[in-house]
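Please view the sequence and the structure below before reading on.

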Amino acid sequence: QHFLLPANRSLPPVVFHWMPVIGSVISYGRDPVNFFLQCREKYGDIFTIILLGRRMTVALGPAGNRFILGGKSTIFNAEDAYKHLTTPVFGKDVVYDVPNHVFMEQKKFLKFGLTGENLRVYVGMIEDEVHQYLQTDQAFLSLKTLSSDEYGSFDVLKVLEEITILTAARTLQGREVRDNLDKTFSTIYKDLDGGFTPLNFLFPNLPLESYRRRDRAQKKMSQFFINIIQKRRTSSSHGENDMISSLLGQKYRDGRALRNHEIANMMIGLLMAGQHTSASTGAWALLHVAYNRNVADSLYEEQLEFFCTKGGVFRSMTYEELKKLPLLNAVITETLRLHPPIHSIMRYIREDVLVPSSLNDIFTVPRGHYALASPAVSQMDPHIWKSPQTWDPYRWIDSDFVSSSFSGLKKGTESVFQPFGSGQHRCIGEQFAYVQLGTIIATIIREVELRRDNGVPRPNYQTMITCPREPRSIFYRRRTHQ
Ligand code: HEM
């Protein structure tokens, strides 16, 4: 113990483990949410787990979320927790490679790029990409040859990964990225993504080929964006609705414009933040929809009701209309409740900190620990939600979703529903994700009927982002009439 605890204070209990340094890494890695629920039974809402020598203090529930995610960045620090993972992938001088106040300015620049005006344009672009994908991708080729009562099948995560990158490239990333997706870009992206794994988080530097590939890919990807930026700076064409165009017009508070490599590396950060999170949410949503045929039918009816013209064909949705579709949005929200892509949010504790009395008034968390919040736990807590393990989008429509013993849903850092995090580091991609996912799901539902008979797969927690395990195929058939 490196410091003197106040007389009435102690350290949070350490979860029992057999192996000294390794600690609870196996139970945590296998199923973190269940592991936390079991620890809570024994130790309460705050406890420390050992993970490969690191001491991680986990704080659960609304008060735990608030303690960690609402904490000051000078104490609960994100850079110290994530930098060794993100800097080799995103590159220098952005996000966690700079002091918090600089990143907060960069985050504001990114927010400026996600205006309602841009999102409005994106809906049609996303519809178009998904439509084209269904016409041309290998997985859906049988759409043309199958009769109306025959089913084809596809791996839902693979398809959603592809559609997510196609649609993000077409919209946020911009024309040049979209045009290169089948060429240079995809190989570099693959190598970079291969360096953004739990292994890279746990061991920042290993003498492995995948680490060397990651480093080479980072340089190439950064240069790829720098070339685009240089061309854009010298060309007279303006008015693109993408992020590069927006970042080119931004300035730091001291009046300095963003440098080429800063814009490039922010674009990489954006790509990594939005890709697997959206793809896995889309995959889970379609799996549940395909398994719950009544929801699938009602989603299709919602599309018919709002967008089917007198001639019997669908017209495009507008951004405003999309935002107001009750069932489609409830499907996304309920999927994020039951399958939040990020199960653990980490901070590094820079100064000893007293645990607030709303959580527990006898503990202090010392400098050098990590803090871990898991909003996933409160999103599935049986004390809070009715039938928490049941995927039921209607709970968001009937607004009768919490258990009668639970008193009130709070907002912000104390909310029991925060798949996008909360506080200073809260996600800026929420609106974009809803537009992207809503348009993808609606376009697929319009064109094919989905079906899955054998339940929904279990989650895989071994990847950075929680995704459905294999087999995760969905059957589809052509819609015959509207
Ligand atoms: C932060 C979830 C999509 C950009 C976060 C955080 C969560 C999250 C939980 C907080 C991390 C922390 O506190 O350490 C999600 C989910 C998504 C999604 C569930 C989709 C379903 C996106 C997209 C973008 C994006 C599409 C970009 C367009 C960011 C950024 C941050 C962030 C820039 C800020 C990180 C920070 O301040 O430290 N996201 N995200 N996200 N996300 Fe997302």
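## The second largest pocket

The residues lining the second largest pocket comprise 9 charged, 6 polar and 6 nonpolar ones. In this classification, Ala, Val, Leu, Ile, Met, Phe, Trp, Tyr, Cys and Pro count as nonpolar, Asp, Glu, Lys and Arg as charged, and the others, Gly among them, as polar. The model is predicted: local features need pLDDT of at least 70 and side-chain atom pairs count only at pLDDT 80 or more, while totals for chains, interfaces and linings use all residues. Residues are numbered from 1 along each chain as its sequence is written, and side-chain values use heavy atoms, with hydrogens and water left out.

The second largest pocket has a volume of about 570 Å³ (the space filled by probe spheres set on grid points, which are joined across faces, edges and corners). A pocket is an open set of points on a 1 Å grid over the protein atoms alone, where a 1.4 Å probe fits, with protein on both sides within 12 Å along at least five of seven lines; lining residues have an atom within 4 Å of a point. Of the 21 lining residues, Glu 162, Ile 165, Leu 166, Asp 182 and Ser 186 lie nearest the centre of the second largest pocket. Helix α9 (175-193) supplies the largest share of this lining, 9 residues. At least two lining residues each come from α6 (116-136), α8 (156-173), α9 and α13. Helices (H or I, at least four residues) and strands (E, at least two) are DSSP runs, numbered from the N terminus.

## The ligand and its iron atom

The iron atom of the ligand has a single protein donor, the SG atom of Cys 427, at 2.3 Å. Donors are N, O and S atoms within 2.8 Å of the metal (3.2 Å for Na, K and Ca); water is not among the atoms, so sites may look incomplete. Cys 427 is placed in the loop between α17 (375-379) and α18 (430-447).

Around the ligand there are 25 residues, and Tyr 96, Lys 107, Arg 347, His 425 and Cys 427 come nearest (a residue is near a molecule if one of its heavy atoms lies within 4 Å of it). This shell has 16 nonpolar, 7 polar and 2 charged residues. Two or more shell residues come from each of α5 (100-112), α13 (260-291), β5 (345-349) and α18. The largest share, 6 residues, belongs to α13.

## Backbone features

Most residues other than glycine have a negative phi, and most peptide bonds are trans. Asp 93, although not a glycine, has a positive phi of about 65 degrees, and Val 95, also not a glycine, has one of about 55 degrees. Asp 93 lies in the loop between α4 (78-90) and α5, and Val 95 is found in the loop between α4 and α5 as well.

Is each of these residues buried, partly exposed or exposed? Asp 93 counts as partly exposed because its relative accessibility is 30%, whereas Val 95 is buried because its relative accessible area is 10%. Buried means under 20% relative accessible area, exposed over 50%, and partly exposed in between (1.4 Å probe, protein chains only). A cis peptide bond, with omega about -5 degrees, joins Glu 470 and Pro 471.
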